[in-house]
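Subject: Handing over the structure

Hello,

Here is the structure we talked about. Please open it alongside this email, and my notes on it follow below.

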Amino acid sequence: MGWGGGANAVLRLLVIGLLGRLLTPTEFGVVGAALVVIAFSETFANLGLGPAVIQRQNLEPRHIRTAYTLSFVLGFLIGLLLYLLAPAAEALFRVDGVASVLRVLAWVFPVRGLGAVAGALLRRNLEFRWLANMSILTYLIGYAVIGVAAALSGWGVWALVAGTLGETTLKTAAMLYKRPPLRGRLLDISAMGDLARFGTGSALGRLPQYVATQVDNLIVGRWLGAEALGIYGRAYQLVALPAQLLSMAIGQPLLSSMSLVQDQRERLLLALRRAISGIALLTLPAAAVMCVLAGDIVEVVLGDQWTDAVLPLRVLAVAMLFRVGEGLSDSMYKAMGAVFRGAWRAWLFAVLVITAAAIGRQWGLVGVAAGVSISYAINY
């Protein structure tokens with residue numbers, strides 16, 4: 001997973017750099033606003049069925065078939081609802097073009113719904129090498145080939161949409177090939193009940209996590225405009241890349257491994273402490289380098305038109321350790337099945353981010369970034 005995350009990070013930097021020179025901050029802002037709504041909808045797309053499949057100790061074929069069915073049906077319904085409510089989302093952001101983008105991206109939900117349980121089964125079986133290689137290949141084809149080619153052809157906003165659709169479709173097809181649905185009865189009521197408690201708790205925890213990680217984008221887009229959102233989004237993405245790499249390399253295997261020994265509390269605590277210590281050794285130097293060299297990083301990766309992203313990047317980099325550490329704690333909550341205990345803490349974090357970002361917007365992008373960083377530190 002470290003290899004997969006590292007290669008993905010390099011690819012993403014290259015793609016961000018290419019697209020940053022081919023598209024404008026406003027075009028990134030339009031898609032960024034749409035992706036905020038997409039991320040919110042994902043909270044309800046499969047109601048935590050993937051983590052429930054990973055965490056459950058006694059997983060039977062009836063659970064797997066039921067999870068596949070529910071995941072696809074929920075994905076289809078969420079996609080349809082998002083298609084119908086796209087104009088309302090555009091009005092919320094006050095950014096022209098969001099509705100058109102959302103109506104196309106809405107159909108990633110039934111596609112992702114088909115692959116969500118297959119991916120969970122692969123993680124449950126610790127097949128991370130295959131997942132890492134698949135993730136690299138699908139991102140390479142989806143964004144580096146389809147997305148960049150569309151941008152070169154002058155597609156503008158739709159180049160980013162094409163990249164998203166391409167990667168999602170390829171990833172789902174690959175996972176279904178590796179772990180196809182089982183034949184038999186598609187829906188079992190008792191199996192649905194077995195998965196529902198953990199899945200519901202997981203979804204309740206994901207909703208405030210979504211709010212905490214996306215509300216700053218909503219505040220920037222609504223009150224500071226599409227161009228500001230494009231700039232803030234790229235700064236955020238540069239900070240998120242190393243955080244995503246570490247979460248992929250440690251967080252996902254940690255959840256699967258902890259779930260296997262979920263009744264051995266001391267082993268879980270020792271694993272968490274070691275993981276956080278290891279993360280600190282990596283993230284603190286990386287954050288320091290990013291703070292010092294933010295101007296050079298923005299110029300090399302994005303180009304001259306993105307200089308306004310330098311200060312927000314520096315401020316967001318300060319909270320890198322807190323961002324990754326929170327994800328590791330979340331893995332332990334899920335492994336222990338303590339999703340409801342994790343959910344109320346996540347709601348407190350969401351309220352904190354909303355308050356801090358709303359206050360910070362008075363000082364522009366730097367103020368919003370400072371509010372978000374302080375919130376992550378307190379939450380950690």
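A residue is called buried here if its relative accessible area is under 20%, exposed if it is over 50%, and partly exposed in between. By that cut-off, buried residues make up 53% of the 380 residues in the protein. Please keep in mind that this is a predicted model.

Overall build

The protein has 16 helices and zero strands. Its radius of gyration is 20 Å, close to the 21 Å that the globule rule gives for 380 residues, so the protein is as compact as a globular protein of that length. The C-alpha trace spans about 55 × 45 × 35 Å along its principal axes.

Surface and charge

The protein exposes about 16500 Å². Carbon and sulfur atoms supply 66% of that area. There are 30 positive and 19 negative charges, and their mean positions are 9 Å apart.

Helix α1

Helix α1 covers residues 2-22. Its 21 residues should span 30 Å at 1.5 Å a residue, and the end C-alpha atoms are 30 Å apart, which agrees.

Gly 50 sits in helix α3, residues 49-55. Its relative accessibility is 6%, so Gly 50 counts as buried. Gly 113 is 63 residues from Gly 50 along the chain, yet their C-alpha atoms are separated by 9.9 Å.

Thr 66 belongs to helix α4. Is Thr 66 buried or exposed? It counts as buried, at 0% relative accessibility. What does Thr 66 touch, leaving out residues up to four places away in sequence? Its partners are Leu 186, Leu 187, Asp 188, Ala 191 and Met 192.

Two loop residues with positive phi

Most residues other than glycine have a negative phi. Two residues here are worth a look on that count. Arg 94 is not a glycine, but its phi is positive, near 60 degrees. Find Arg 94 in the loop between α4 (61-93) and α5 (98-105). Leu 126 is not a glycine either, and has a positive phi of about 60 degrees. Leu 126 lies in the loop between α6 (108-124) and α7 (128-152). With a relative accessible area of 41%, Leu 126 is partly exposed.

Thr 169 is in helix α8, residues 157-178. Thr 169 is partly exposed, with a relative accessible area of 44%. How are Thr 169 and Leu 126 placed? They are 43 residues apart along the chain, and their C-alpha atoms are separated by 23 Å.

Asp 330 is in helix α14, residues 320-335. Its relative accessible area is 19%, and buried means under 20%, so Asp 330 is buried. Gly 342 lies 12 residues from Asp 330 along the chain, and the two C-alpha atoms are separated by 7.1 Å.

Best wishes

Conventions
Residues numbered from 1 in each chain as written. Predicted model: local features only at pLDDT ≥ 70, side-chain atom pairs only at ≥ 80, totals over all residues. Heavy atoms only, no water. Helix = DSSP H or I, 4+ residues; strand = E, 2+ residues; numbered from the N terminus. Rg over C-alpha atoms; globule rule 2.2 N^0.38 Å. Buried < 20%, exposed > 50% of the residue type's maximum accessible area, 1.4 Å probe, protein only. Areas by Shrake-Rupley, 256 points an atom, 1.4 Å probe, with all protein chains shown as cover. Lys, Arg positive; Asp, Glu negative; His and termini not counted. Charge placed at Lys NZ, Arg CZ, Asp CG, Glu CD. Expected span 1.5 Å × (residues − 1). Contact = heavy atoms within 4.5 Å.
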